[in-house]
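Student: I would like to learn how to read a structure of this kind, one feature at a time. Could we go through it together?

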Amino acid sequence: MALTEYTGIDKINGPIVMLKGTPGVGYDEVVEVLAAEGARLGRAIMVSGDAVMVQVFAGTEGLVPATSRARFLGRPLEIALSPAILGRTFDGLGRPLDGSGPIYSDLKRNINGAPMNPMARVYPRDFINTGFSSIDVLMTLIRGQKLPIFSGSGLPHNQLAIQIASQARLVGAENFAVVFAGVGIKHDDAAAFTSSLSRRGTNLVLFQNLADDPVIERIATPRYALTAAEYLAFDLGMHVLVIITDITSYCEALRELSVSRGEIPSRKGYPSYLYSDLASLYERAGVLRGKEGSITFLPILTMPNDDITNPVPDQTGFITEGQIVLSRELDARGVYPPIDPLPSLSRLMKDGIGKGYTREDHPSVSSQLFACYSRVQEVKALAEVVGRDELGEEDKAYLSFGEEFEKTYVNQAKDENRDIGQSLDMSWRLLASLPQSALTRISMEDIEKYVKPNQRLNPDGVPISKAAPADTALVEAPLEAEPNVFPPK
Amino acid sequence: MDEKIGKEEKLGSILMINGPVVRAAGLSRFAMRELVQVGELGLTGEILQMDGDEGVIQVYEDTTGIQPGEPVKGLGRPLSVCLGPGLIGHIIDGIGRPLDRLMEKEGGFLSRGTRLDPIDMDRSWEVTPSCKVGDAVSSGMTIASVKETDLIINRVVAPLGVEGEVEYVAAPGFCKTSEPVARVRGTDGKLTSVMMYHYWPVRTPRPYRERLLPDEPLITGQRVIDGLFPISKGGVAAIPGGFGTGKTVTQHQLAKWSDAKVVVYIGCGERGNEMTQVLEEFPSLEDPYSKKPLMQRTILIANTSNMPVAAREASIYTGITIAEYYRDMGYDVAMMADSTSRWAEALRELSGRLGEIPAEEGFPAYLATRLAEFYERAGKVRTFGDKTASISVIGAVSPPGGDFTEPVTRHTKRFIRCFWALDASLAHARHFPAISWMDSYSEYAEEVRDWYHRNVDSSWAALRDEARSILAEDDVVQQTIRLMGEDVLPDSQRLIALTASLLKNGYLQQNSFSDDSFCPPVKGLTILKLILDFHNQARKLVAAGCPLSLIRKMKELMELTHVRELPAGDAAGFESLGKRIRERLEKIGAERLAHEEEEGN
């Protein structure tokens with residue numbers, strides 16, 4: 001097909017240019033705007049018989065309306081795919097950055113993908129042992145899940161993501177790959193990711209749009225990454241972990257574009273289609289019937305002002321299958337990872353844990369920990385008013401339970417990789433410090449089975465902290481007292 | 001399909017494409033709201049605005065690559081869904097295409113321009129005629145019945161406006177969907193073929209003879225709903241809640257356990273995996289009433305959040321039209337729409353692209369009207385076939401930031417009568433269902449009271465009132481506790497807190513992954529009685545000066561929190577616990593009395 005070139009731009013407004021007298025252009029088609037220094041990629045976002053509106057990824061700075069030319073390529077944005085993409089680094093528009101030359105392949109895919117038929121999905125049930133007690137027991141990650149990390153600036157979300165990627169019991173396996181897309185991130189963060197993952201020998205595909213790269217490019221970057229992930233998972237049968245950071249930068253780019261287009265804004269100036277647009281990214285995770293691979297998706301976003309009701313985390317939470325929420329308060333107290341369990345959630349865990357998956361006591365133990373830790377917050381609030389000494393015995397037991405929980409359970413070393421059986425046993429020892437009447441979520445049967453007499457769980461409601469400090473109880477019960485019934489994968 | 005409906009082909013031509021909104025010329029002979037095929041690919045669309053020769057079309061599929069100048073073809077009818085046997089047990093998309101057969105045709109990802117009817121025209125069904133040649137027929141009369149699943153007999157009724165005499169009727173036995181079941185000679189001499197299927201425009205409500213009062217409860221098997229905030233068959237309820245509060249789990253629970261005969265579940269702009277979960281789980285779950293797989297009464301409509309937004313707007317109408325179709329056969333239908341906010345947002349997005357002037361938060365000014373029209377299609381009715389049937393609608397609402405004052409929640413509240421508010425702090429403590437007992441309400445409680453008193457227990461209303469008043473009192477008591485601690489309270493108020501905690505942990509909470517997932521009303525009421533009986537007896541003791549600490553220590557209380565784990569049929573188990581609690585309290589009272597006498601001496 002002969003490509004037509006048009007000379008002259010009629011209107012420039014922010015990242016958008018208007019061209020007139022351009023028949024035969026399709027909606028969403030790629031455009032090359034040829035300026036003095038070379039070609040800039042763009043996309044037709046509105047087409048009519050005599051005019052086209054083009055969004056230019058690299059921005060419009062320096063474009064001269066009279067001399068600029070435009071070439072329509074007759075295809076949407078595409079990425080060339082072959083097994084050779086493994087180990088490569090690309091920029092935000094899928095162009096190689098590592099100097100190893102372009103990917104040559106006949107297989108080219110539209111970066112927008114196509115929606116998965118819900119009928120063709122397989123409901124994800126395979127548990128991933130991340131090695132973090134808080135995640136594994138309380139918000140279990142399932143292979144094929146989309147589970148975002150809601151963070152704030154300055155919190156260790158990147159380190160958490162790297163540790164999950166390297167401990168996920170999949171690393172090192174032939175058919176495991178990480179696709180990482182940095183969207184508007186700092187150069188140092190990108191470098192930290194690359195070096196720590198490639199040092200561990202992970203199959204890595206990297207897309208990066210750094211903080212000083214063109215803003216509008218960011219709209220395309222996650223789509224390149226996800227298209228590459230789909231190829232690795234569903235064509236090559238690999239288990240792919242996609243990490244995209246920072247979704248907030250992506251949404252800001254979307255907002256900037258929307259404002260330039262003169263669209264009616266909805267909350268906080270974000271476009272009304274923010275939900276649909278984010279869904280077109282997040283919903284690309286999953287497991288497909290008849291395919292070996294899977295896409296597990298860990299998007300990272302920084303909540304502006306740590307506000308979880310901001311449209312970016314809010315709309316994300318409505319689409320993703322749960323969220324891991326990091327807390328500045330826990331971080332300040334030196335807890336790593338600073339995961340706040342109460343607002344965190346894994347929607348898929350209910351079907352991926354328990355008998356036949358992790359261990360039969362997992363569902364009730366996790367529900368009980370939530371109930372008790374939520375009670376701890378109430379007691380803490382009360383203690384702030386009346387003072388700790390004025391609390392009843394039961395309330396005091398809750399406070400020390402809460403402290404233990406944060407200090408020894410949520411908190412763990414930066415290279416500590418706990419097995420799920422180990423994490424569950426720790427849970428029981430923590431719960432044993434509370435009066436038995438507090439265990440409303442655990443069946444009578446399980447209480448008898450799992451609460452060992454030597455764990456001093458006192459049926460009369462006299463808390464263990466009276467009889468023996470909770471940490472001695474922890475020392476007394478040896479770590480491997482219970483046979484680990486969770487079979488290693 | 002039915003391309004031949006228009007006698008002569010109408011053709012327009014595309015002028016402009018802006019996402020799902022397309023402007024075209026040459027539409028003067030097209031009808032407003034007519035269904036069209038857009039572009040060479042034949043994408044499905046609908047005409048939204050007309051201006052002289054030009055019109056605006058909303059396209060239900062992705063418009064990438066479509067160019068100005070490509071054709072627009074009219075199909076001669078508004079957006080319709082094909083109704084007939086073979087809907088139940090299947091999953092269709094927002095505009096009525098069968099996703100299972102689409103997958104067979106084109107694989108795991110949805111492509112564009114493929115059109116299929118939701119029902120298979122070549123499939124044979126076992127037909128039992130219920131009239132004979134020469135019989136007089138009027139609209140709504142059952143002509144034949146088709147065994148759709150083990151649970152659902154699909155009744156083929158005479159279409160509206162057909163009055164006359166049966167001239168032909170199919171013999172009992174197997175018959176293809178595409179073959180006529182009967183022919184009726186009308187009083188005007190016109191011959192009408194009665195088919196198993198027909199098309200119905202989704203935005204037009206199907207008529208019925210008369211509206212009835214919704215005085216029978218829809219049993220949901222969820223204690224907090226059946227016991228405190230009941231919904232009627234034919235009622236409308238909303239479940240609002242921020243993300244992670246359990247809207248979808250609650251909707252799934254209702255789809256599983258409600259005693260409706262047919263369940264229509266619409267995944268509107270939600271997660272793909274949620275639909276997959278229903279598809280995998282329901283065939284293996286047993287309906288507690290008929291003991292057959294749940295899938296045999298369920299229809300799924302999926303427009304997941306990454307499927308085209310215009311079809312999201314249509315999915316709600318497709319769903320309610322299917323619900324009306326089964327209602328007209330005399331079934332009680334329950335429809336779950338998860339989530340109506342996504343539908344409202346689809347309206348907003350399309351409205352924005354049409355350049356309409358927005359009202360609140362960018363939503364179009366007609367948002368309230370659309371919500372009202374939709375919810376009013378629910379109700380208990382007498383059909384033209386003279387059957388009593390109903391559609392209950394339960395709509396999830398997803399307010400941004402969990403803020404219930406936003407437009408969709410606010411307008412929805414005007415048109416529903418049952419409000420199950422989900423509470424984030426309950427959800428954080430994993431108290432499920434996280435339905436707040438303070439913010440929720442049901443206007444149906446009065447209407448269903450007589451039914452409960454006749455069919456379950458005559459103390460239903462009294463127990464409900466008592467439980468609610470204890471929970472309300474507890475709300476105040478808890479505020480004091482949060483400020484000053486429990487120790488400053490008199491025992492009478494601490495007893496309120498104790499009983500409320502028994503109610504919360506032992507009654508209101510329900511584990512959807514255990515056998516307690518479905519709780520018949522009798523079991524719920526038995527638990528409630530146990531807790532309230534304990535409360536009343538303990539209250540007398542406390543009033544007589546017995547310290548609460550003695551009562552609190554009794555080990556039967558632990559059992560009372562766990563009593564929901566007993567199977568529903570274990571009447572002896574419940575009775576024995578009640579007896580032991582009574583005796584223990586009597587003993588505590590007697591010991592206390594003896595102790596006092598001793599001190600008195």
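**Reading the model step by step**

Tutor: Chain A has a mean pLDDT of 87, and 90% of its residues reach 70 or more; pLDDT is the predictor's confidence in each residue, from 0 to 100. This is a predicted model, in which local features need pLDDT of at least 70 and side-chain atom pairs count only at pLDDT 80 or more, while totals for chains, interfaces and linings use all residues. Residues are numbered from 1 along each chain as its sequence is written, and chains are lettered from A and ligands numbered from 1 in the order in which they are written.

Student: Which elements of chain A have the lowest and the highest mean pLDDT?

Tutor: The lowest, 36, belongs to helix α14 (residues 470–476) of chain A, and the highest, 97, to strand β11 (residues 149–151) of chain A. Helices (H or I, at least four residues) and strands (E, at least two) are DSSP runs, numbered from the N terminus. Over residues 456–489 of chain A, pLDDT stays under 50.

Student: How many helices and strands does chain A have?

Tutor: Chain A has 14 helices and 17 strands, and its C-alpha atoms fill a box of roughly 85 × 50 × 40 Å, taken along the principal axes. Of the 489 residues in chain A, 52% are buried, where buried means that 20 or more other C-beta atoms lie within 10 Å of the residue's own, exposed means 12 or fewer, and partly exposed is in between, with C-beta atoms placed from the backbone.

Student: Is Glu61(A) buried or exposed?

Tutor: Glu61(A) is exposed, because 11 other C-beta atoms lie within 10 Å. Glu61(A) sits in the loop between β6 (51–56) and β7 (69–72) of chain A.

Student: How are two packed helices described?

Tutor: They are described by the angle between their axes and the distance between the axes. Here the axes of helix α6 (residues 274–282) of chain A and helix α7 (residues 311–319) of chain A come within 10 Å and cross at roughly 55 degrees. Axes are lines fitted to C-alpha atoms, for helices over the stretch in contact, and angles run from 0 to 180 degrees between N-to-C directions. The two helices α6(A) and α7(A) are therefore oblique to each other, since angles under 35 degrees count as roughly parallel, over 145 as roughly antiparallel, 65 to 115 as roughly perpendicular and the rest as oblique.

Student: Which residues of α6(A) and α7(A) meet?

Tutor: Leu274(A), Tyr275(A), Leu278(A), Ala279(A) and Tyr282(A) of α6(A) meet Pro311(A), Gln315(A), Thr316(A), Phe318(A) and Ile319(A) of α7(A), where contact requires C-beta atoms, placed from the backbone, to lie within 7 Å.

Student: How do α2(A) and α3(A) cross?

Tutor: The axes of helix α2 (residues 157–167) of chain A and helix α3 (residues 187–199) of chain A come within 11 Å and cross at roughly 20 degrees, which makes α2(A) roughly parallel to α3(A).

Student: How many residues of chain A are in contact with chain B?

Tutor: In chain A, 66 residues are in contact with 62 residues of chain B. The elements giving two or more residues to that side of chain A are β5 (38–48), α6, α7 and α9 (362–386) of chain A, and the largest share, nine residues, comes from α9(A).

Definitions and conventions: Contact = placed C-beta atoms within 7 Å.
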